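Have a go at each one before reading its solution.

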Amino acid sequence: MTTRCFYMLLLAALLFIPSVHAAIIPLSEDWHLHSSAGLAADGGTLSQPGVDLSQWYALDEPCTVLSALVKAGVYADPYYGENMKGIPGYQDGMWLRHLEESPFRVSWWYRSEFELDAKGEDRHFTLHLDGINYQANIWLNGKKIAGEDTVVGMFRRFEFAVTEALLFGGKNALAVEIIPPGLLPEDHRKTKQLEATTGWDDHNPQPPDMNMGIWQAVYLREQGPVSMRHPYMESELSQPGLEEARLCASAWLRNNSHESQTCVFSAVVEGREISREVTLEAGEEREVLLRAEDFPQLVISSPRIWWPHPVGAQELYEVCCSVTVEGKESDGDSFHFGIRDISSHVNEDDWRGYTVNGRNILIRGGAWMTTDMLMNLDTSRYEALVRHAREANLNMLRSEGFSIREPKEFYDICDRYGVMVTQQLFGRNLPDEELAIACVEDTLLRIRNHPSLAHFLGHDETFPTDTLDAAYQHLLEKHRIKRGYQPHSGTFNIRTRSKTGGTRTGTRELWTYAGPSHYYFVKERPYDSAWGFAQSGGIGGILAARDSLRQMMPQSALWPLENNACWSFHTVTQGMEYFDAVVKALEKGYGPAENFEDFCRKLYAMNYNSARGMFEAYGRFKYDSLGITTWKYNAAWPAALTWQYVDWYTRPTAAYFGAKKACTPVHALLDPHEGAFHVVNSLYEAQQDLSLETSIIDLEGNTLSEENFALSVDADGVALAGKLQVPAEITNPYFVKLRLQDKEEGLLSENSYWLSTTPDIPGTSRHVDDMFYTSPESRADFTALSALPETEVDTVLSVVPGGYEIVIHNDSPHIAFQVELALLPFDGDFELAPVYWSDNFITLFPGESRKLQAQLSTEETPPVRLRVQGFNVKLRLDK
């Protein structure tokens with residue numbers, strides 16, 4: 001049954017109105033799959049009960065063809081090692097056309113049988129397929145419902161009236177023939193996207209089936225003579241006081257009958273009911289609106305406001321919409337919405353900035369990729385990834401144009417966690433512009449209710465055609481979607497930023513490697529530093545969690561990296577050579593890695609440092625810097641070294657914890673270029689009477705100098721605390737520790753830097769055959785960190801309400817650098833995931849203690865083991 005609202009039920013009971021709720025009948029069981037190759041029967045035969053299914057693959061639920069075959073054991077796990085290369089139809093690199101001999105070049109049949117009870121009076125049934133890839137012929141009980149000429153496009157929902165084709169009180173058979181994408185001519189245009197289907201760019205291998213199949217729900221919907229579709233609740237929030245909100249409820253109503261119908265469209269918002277009588281002619285479909293001008297109940301005083309995290313609460317309202325005919329509910333739906341105002345503007349410097357509920361907001365987030373390469377879209381994975389973003393105070397995810405158009409679960413979780421979303425509409429121009437427009441319109445209608453939806457981008461690194469650009473803007477206006485729009489994700493040349501919509505992509509070197517001070521050179525390098533708004537950019541290759549590496553490839557493949565096909569396969573489609581600059585920076589900055597563990601500890605330190613530096617620079621220079629959605633936040637398959645802050649196993653990387661440190665709501669940082677301490681306040685409340693304690697500590701753990709700074713910071717402001725005074729006798733490298741406290745001596749921010757007497761200064765970069773190379777003007781020297789004495793730390797693990805508490809103490813005379821904690825199950829050798837840590841990869845100076853918290857995905861606290869290790873911390877597994 002469709003979820004109904006308490007107020008609607010109460011009203012029906014009080015008024016003695018019979019309520020027959022619209023019913024959702026999931027068709028999620030008893031599915032079978034078979035290739036059309038060698039299958040003689042046609043759709044008319046296959047959609048009759050009694051088909052011999054002994055040679056078909058049984059499915060737990062509809063999924064893509066390759067996903068089904070992997071689950072059936074036809075192919076080995078494609079995520080592990082180089083197994084993917086052994087699947088027929090696999091091709092190296094980026095490709096859009098199936099091989100002639102590929103088993104996925106032909107169509108595949110999906111089939112299901114189901115029973116229905118006797119049909120109620122004046123009830124109408126529709127068949128829904130919310131996601132197919134790429135074309136389909138649909139048959140039901142021997143009748144063709146729709147064909148591949150109209151059922152085309154991965155990013156559209158399809159609905160068909162099937163009442164006359166159904167058998168009530170008996171068995172029904174549904175057969176869906178899926179025709180794949182990738183049936184292009186051999187001389188097809190070379191580009192990254194030609195069809196309305198998902199793509200992977202260079203992020204990971206293209207699945208050999210190109211994700212053909214049924215990838216979203218299939219179901220029947222039962223309704224009365226009038227159907228309701230696309231319910232929508234708009235809100236207009238008064239500025240600047242936010243003291244009032246004016247609502248508008250709407251939906252599209254369709255008369256399913258052959259005669260005129262008079263119906264009542266109603267909306268209930270927390271006890272406020274409004275309704276309007278509507279007459280629809282036979283077959284008529286019309287949008288009906290309930291505006292605040294006509295219904296004073298839709299004017300809400302002192303509304304609860306939705307804010308992104310961490311600047312406010314994520315207040316949500318529930319609305320229940322329904323249509324009744326002759327006192328009986330014919331159709332209905334309920335959903336959540338938020339009252340807020342998110343807008344963007346292009347400033348006098350031609351850069352785009354954002355405001356939320358009338359306040360400026362600095363955007364710090366990442367580009368979002370489809371969560372799974374085979375379209376195994378799991379709600380728990382969405383929950384883990386978005387919650388990790390919230391925990392790190394990352395406030396925006398940019399849904400990438402080659403990815404899928406995410407389902408409701410993703411947006412619901414972003415609404416709940418206060419993470420804003422920028423939605424890109426497509427990656428490239430499609431030859432079939434009419435299809436592109438149809439896909440975009442359906443996407444807009446599906447996601448427009450979500451308060452987390454903040455902004456739209458037309459295409460990725462390219463402009464849409466004039467026709468598509470005009471169509472996108474028209475659709476936003478037609479459907480009253482009050483979000484910002486720009487045609488192009490961002491320029492590579494900042495001099496043309498006004499044309500793309502006030503954002504930049506960044507220089508290509510930022511996809512390979514950027515050091516911790518790179519983004520601070522605003523005056524010297526305005527084209528790729530923390531100035532303006534970057535839809536992309538980043539720090540280059542990020543190493544997955546240690547146990548993730550062990551899970552994705554055999555032990556023998558972990559080391560060495562040179563000429564290592566498995567490692568290379570688990571990077572990007574260009575291979576390990578693409579991240580040559582990362583490896584070179586590690587070797588020159590930290591010293592060549594001696595083994596797998598040494599490589600991990602050095603690259604983790606480097607990733608942490610770079611990510612922290614990038615996000616801190618954007619905070620340091622706000623609002624000359626307006627934001628970044630770094631490339632990229634997550635990975636669609638187990639990637640060893642790629643663009644990822646949370647890896648495919650939902651384990652956060654070292655770079656993630658560097659980003660989390662930088663995005664602490666009230667945060668003390670060191671500008672390495674200026675040599676000065678600043679405090680960044682990301683909250684909308686001023687921070688008065690703060691105290692910043694700074695210490696300079698040498699490699700032996702001796703404190704060489706200490707200094708305290710008193711300061712206050714304006715709401716959403718940045719304040720200079722003081723200058724870094726380095727003693728003349730300092731040796732290389734050295735540490736700087738910051739502790740920021742409020743006037744009650746409550747800890748607001750804790751931060752530790754390792755610095756070199758040789759500064760990190762970016763230099764020139766070049767690319768040859770799509771490979772990028774950097775030549776820094778000066779490089780920090782951290783090689784002496786390898787000489788830190790091995791040390792041990794003491795830990796106490798306790799179970800506390802909702803999770804675990806770990807007290808960690810360094811009782812040694814040495815620095816414990818980049819201490820990494822992990823929770824392991826008692827019966828396994830791999831780190832649990834997801835685990836939400838308050839902090840990690842921490843540095844403890846002699847005599848220091850720290851208290852950390854860890855939570856699992858539920859509030860359960862099963863017995864766990866604590867693993868402790870670090871850059872120079874001896875590995876220990878506590879039971």
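Helices (H or I, at least four residues) and strands (E, at least two) are DSSP runs, numbered from the N terminus. Residues are numbered from 1 along each chain as its sequence is written. This is a predicted model, where local features need pLDDT of at least 70, side-chain atom pairs count only at pLDDT 80 or more, and totals for chains, interfaces and linings use all residues, while side-chain values use heavy atoms, leaving out hydrogens and water.

**Exercise 1.** Work out how many helices and strands the protein has, and how its radius of gyration sits against the globule rule.

*Solution.* Start with the count: 13 helices and 49 strands. Next, take the radius of gyration over C-alpha atoms, with the rule being 2.2 Å times the number of residues to the power 0.38. For 879 residues the rule gives 29 Å and the protein's value is 29 Å, so it is as compact as a globular protein of that length.

**Exercise 2.** Find what share of the residues is buried.

*Solution.* Set the cut-offs: buried is under 20% relative accessible area, exposed over 50%, partly exposed in between (1.4 Å probe, protein chains only). Buried residues then make up 63% of the 879.

**Exercise 3.** Describe the pairing of Phe-125 and Phe-168.

*Solution.* Rings of Phe, Tyr and Trp (its six-membered ring) pair if their centres lie within 6.5 Å; planes under 30 degrees apart are stacked, over 60 edge-to-face, the rest tilted. The structure holds 36 such pairs. Phe-125 lies in strand S5 and Phe-168 in the loop between strands S9 and S10, 43 residues apart. Finally, Phe-125 is buried at 5% relative accessibility, whereas Phe-168, at 26%, is partly exposed.
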